[in-house]
Amino acid sequence: MLLIRCPYCEAERQELEFTYAGEAHIARPADPSGLTDEEWKTHLFIRSNPRGLHYERWRHQHGCGRFFNAARDTVSDKFVTTYKAGLPRPGQAKLEEARA
């Protein structure tokens, strides 16, 4: 069982309380109506699937109900860090500190 830290509740909880909400930090198009069908399809459905560090959105479904971001290692399935929605990606120094 994975433990995930909610940055709003500031507590580690079992993964069953959380819901995965997709890749984090997706740039939304300024003018969606100006996109071609192919560009719109790419924006909606094509996501990166890296081996290693991946930035994701999660929701504390059975807790505070808020969305937050997480940096997770897809190889080990370990959450490196979690941070509040709307904040930029943590810098490399912070990630290295969190991994230690």
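**Close-up views of a predicted model**

View 1. The side chains of arginine 72 and glutamate 56 come together in a salt bridge, with N and O 2.6 Å apart, in a model that is predicted. Because arginine 72 belongs to strand β5 and glutamate 56 to strand β4, the pair ties together parts that are 16 residues apart in sequence. Salt bridges with shared partners join Glu56, Arg72 and Asp77 into one network. Arginine 72 counts as buried at 14% relative accessibility, and glutamate 56 is likewise buried, with a relative accessible area of 1%.

**View 2. The open sheet.** Four strands, in the order β3-β4-β5-β6, make up an open sheet with antiparallel pairing. Its edge strands, β3 (19–23) and β6 (78–84), each pair on one side only, and the twist from one strand to the next averages 35°. Strand β4 (residues 53–59) pairs with strand β5 (residues 67–73) in the antiparallel sense over seven bridges, and the bridge partner of arginine 59 in β5 is phenylalanine 67.

**View 3. Two nonpolar cores.** The largest nonpolar core consists of seven residues, namely Ile4, Cys6, Phe18, Trp58, Phe68, Ala70 and Phe79, and the elements giving two or more residues to this core are β1 (3–6) and β5. A second, separate core has six residues, among them Ala24, Tyr55, Ala71 and Leu95. Alanine 70, a member of the largest core, is in contact with His54, Tyr55, Glu56, Trp58, Phe79, Thr81, Thr82 and Tyr83 when its neighbours within four places in sequence are left aside.

**View 4. The surroundings of histidine 54.** Histidine 54 is located in strand β4 and has a relative accessible area of 8%, which is under the 20% limit, so histidine 54 counts as buried. Leaving out residues up to four places away in sequence, histidine 54 touches Tyr20, Glu23, Ser48, Ala70, Ala71, Arg72 and Thr74.

View 5. Lysine 41 is partly exposed, with a relative accessible area of 38%. Another salt bridge joins arginine 13 and glutamate 17, where the closest N and O atoms are 4.0 Å apart. Arginine 13 counts as partly exposed at 38% relative accessibility, and glutamate 17 is partly exposed with a relative accessible area of 22%.

Key
Residues are numbered from 1 along each chain as its sequence is written. This is a predicted model: local features need pLDDT of at least 70, side-chain atom pairs count only at pLDDT 80 or more; totals for chains, interfaces and linings use all residues. Side-chain values use heavy atoms; hydrogens and water are left out. Two strands pair if DSSP finds at least two bridges between them. Axes are lines fitted to C-alpha atoms, for helices over the stretch in contact, and angles run from 0 to 180 degrees between N-to-C directions. A nonpolar core is a set of buried Ala, Val, Leu, Ile, Met, Phe, Trp, Tyr and Cys residues joined through side-chain atoms within 4.5 Å. Buried means under 20% relative accessible area, exposed over 50%, partly exposed in between (1.4 Å probe, protein chains only). Contact means heavy atoms within 4.5 Å.
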